[in-house]
Amino acid sequence: MYVYDEHDRQIAAERVAQFRDQTERALAGELAEEEFLPLRLQNGLYVQRLAPMLRIAVPYGMLRAGQLRRLARITRDYDKGYAHFTTRQNVQLNWPAIEDVPDILAELAEVEMHANQTSGNCIRNTTTDQFSGVQSDEIADPRPYCEIIRQWSTFHPEFAFLPRKFKVAVNASEKTDRAAIQVHDIGLQMVRNDAGELGFRVHVGGGLGRTPMVGPVIRDFLPEADLLTYLEAVLRVYNRYGRRDNKFKARIKILVKALTPEAFAEKVEAEWSHIKDSPSRLTRDAVERIQGYFTEPDYQSVDNATELLAKQRFENRGFDQWLSHNVDTHKKPGYAIVTLTMKETGTPPGDVTDRQLEQIADLADEFSFGEVRVTHQQNVVLADVRQDRLLELWQAIVPMGFGTANLNTLTDVICCPGGDFCALANAKSIPVAEAIQRRFDDLDYLYDLGNIDLNISGCMNACGHHHVGNIGVLGVDKKGEEFYQISLGGSSHHDATIGKILGPSFAREDMPDVVAKIIDVYVDKRTEEETFLDTYRRVGIDPFKERVYA
Amino acid sequence: MPDVISQDGSIRQDDWIVVPRPAEGESLDIPEQSKALIPADLWLAGYEHFTGRDDIGVWFDSHDEPEMLVGKFQELPVIAVNFPKFSDGRGYSIARLLRERFGYENELRAIGDVLLDQLQFMKRCGFDAYVLRADKDINKAARCLNFFSQGYQAATDTDLPLFRRRAS
């Protein structure tokens, strides 16, 4: 993965010194709260319901073992000994003291980490597919492009005060979209044109929140070299013309919709025509330099361990289930992609203790070349595990709580921190996730139900991506009481769809029953090969309505 | 007489004053003794009268389109861009367009809600004079202009992004 050079180190150190100065001026009363607000947000610091919250960037989800160990130490020294993996491949600390944050950032900078632009009305962490570089069907490894975007967007002087936050995601697989690019402000799908040249299909104006939208395509093919100049043109049009009078209408999706995607694209093209041949046009050398950091690890030349695994599966049912659900095919023979689930029932989805962070670091060193990837589903991936060591790995992770073989099932819930932690939330989300996990605790039944994305957000801001859950849950406040609205049929994949609201909302204690009824309808109506989403798309929302509100 | 900060953080005083947009039905009130920055569209409306004067410049508000003065920028001794609120980032794009697209070379001044922590961004986008909001400590400007020794991306201050500088 990317390693800092002297330029990156210098910029990171200068950033820490700057924020230390800003924090001192804020604590001395020289900066009004509203003046300090965007400065601290762009360094990841929120002031939350119970305490400050620090969101640490994990660029495109990649972490080294040493970085995990440093995070563990930071949670011990400055927090309460645990951290939270977010739905945008970042890590959050829930209890740091404001005056400690400059020291925390200095500790992070030592291991080439930061909290830059993890919040605020600026360009946020660029996210991608957690299987980048190890899956067989990708056009090219998207991570070098994410790093190129990270560098371009870091402290961009023109775009530090956009109308609203701005999120970019890149996907490289032709068949799957694990990065949910069509619900981002900019979604970049890597493609090759007829001449075999590498480029991007550009979606602009997708997003969740109050006005969920699937991002329309504004350019079918953007050549690789033009990536940054084109992004700059999109951002400039947005910075100049995005609405600033109403926070809820300030995202780029509102501008794209108001102008129409065609007219928006024309504006971007007109702007781009002035800057496309500027020195910001990428050079082959520059791309190759970054690609040089994302080369293959030192794979051994081994065959697939098909027979061994078959024997081990036969002898151990738990291992068999885990292999079927949490282990994916690797592009290299003899290797496998393993997803550690951070979804043990009774633990808030995505939460890990300091000890668990260290355990993950040890697992990475022992089994996967010292690196892990964080997923937007709040799990952790060991991307390069030898097949003949899978059993050993599984035996190690079950007692650690990472071996729940529920990946992509109903209980692999995406869930924001909700009203337990977040000042914005209208309702708690974690207890709803837990109640549903407890209700559906029979793994065989979960496997029979197949892949179902259940996404829970505690408010309209949609950090839990509820609009694109096959089953989406949104916490709402009704006269001071917490209720939950359900939507069905959402998808964040290539067939991106915004879910449809089922009807009036429910009390929290009713949620497990309501979800059970929805599942019953699916089980009644499905044909043999249909997923939940397939059945929903065929039969529509009415049968679900009838059952739930009967 | 405003205190004006230069790009290097030094402080000087000058007599450029900002003439606000007149209320509906009123006319522009340009003081006699002082150099005046007037709303850009009104300068254009009185072009015959104002052009060639070294004591009259213009200011753009954040929602203005600088394109309105295309071809005339070099006639202006000073252009100011107003930040009605520091969190309104449109002025940065206006500045870059003036410098990089329209080739404006004379003084470009940031006015309005100009705070210390935004100076570095303004500098990179081509502003070379800053009138800090009155309650802010002008002596800290030099430090705030220079927190960073370099940036990753090209802007007005350098057209070479770091990836090109790394290669050389």
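I call a residue buried if 20 or more other C-beta atoms lie within 10 Å of its own, exposed if 12 or fewer, and partly exposed in between, with C-beta atoms placed from the backbone. I worked on a predicted model, in which local features need pLDDT of at least 70 and side-chain atom pairs count only at pLDDT 80 or more, while totals for chains, interfaces and linings use all residues. Residues are numbered from 1 along each chain as its sequence is written, and chains are lettered from A and ligands numbered from 1 in the order in which they are written.

**Entry 1: Ile254(A)**

I looked up Ile254(A) and found it in helix α7 of chain A, residues 252-259. Helices (H or I, at least four residues) and strands (E, at least two) are DSSP runs, numbered from the N terminus. Is Ile254(A) buried or exposed? Ile254(A) counts as buried, because 21 other C-beta atoms lie within 10 Å. I then listed its contacts, two residues being in contact if their C-beta atoms, placed from the backbone, lie within 7 Å. Leaving aside residues up to four places away in sequence, Ile254(A) touches Thr211(A), Arg243(A) and Lys249(A). Thr211(A) is 43 residues from Ile254(A) along the chain, and their C-alpha atoms are separated by 8.4 Å.

**Entry 2: a sheet in chain A**

I traced an open sheet of five strands in chain A, with the order β1-β2-β5-β4-β13 and antiparallel pairing. Two strands pair if DSSP finds at least two bridges between them. The edges are held by β1 (45-47) and β13 (351-353) of chain A; each has a single partner strand, so one side of each is left without a neighbour in the sheet. On average, neighbouring strands of this sheet are turned by 30° against each other, direction ignored. For angles, axes are lines fitted to C-alpha atoms, for helices over the stretch in contact, and the values run from 0 to 180 degrees between N-to-C directions. Within the sheet, β2 (residues 52-56) and β5 (residues 91-93) of chain A are joined by three bridges in the antiparallel sense, and Ile56(A) stands opposite Val91(A) in β5(A). I noted that helix α12 (residues 354-367) of chain A packs on the sheet, touching β4 (82-85) and β13 of chain A, with its direction at about 85° to that of β13(A).

**Entry 3: chain B**

I counted six helices and eight strands in chain B. Buried residues make up 40% of its 168 residues. An open sheet of eight strands runs in the order β2-β1-β8-β7-β6-β5-β4-β3 (chain B), with mixed pairing. Its edge strands are β2 (11-13) and β3 (16-18) of chain B, each pairing on one side only. Strand β3(B) runs parallel to β4 (residues 35-39) of chain B, and three bridges join them. Helix α3 (residues 90-101) of chain B packs on the sheet and touches β5 (56-60), β6 (78-83) and β7 (107-112) of chain B; its direction makes about 160° with that of β6(B).

**Entry 4: where the chains meet**

How many residues of chain A are in contact with chain B? I found 31 residues of chain A in contact with 30 residues of chain B. On the side of chain A that touches chain B, α1(A) gives the largest share, seven residues.
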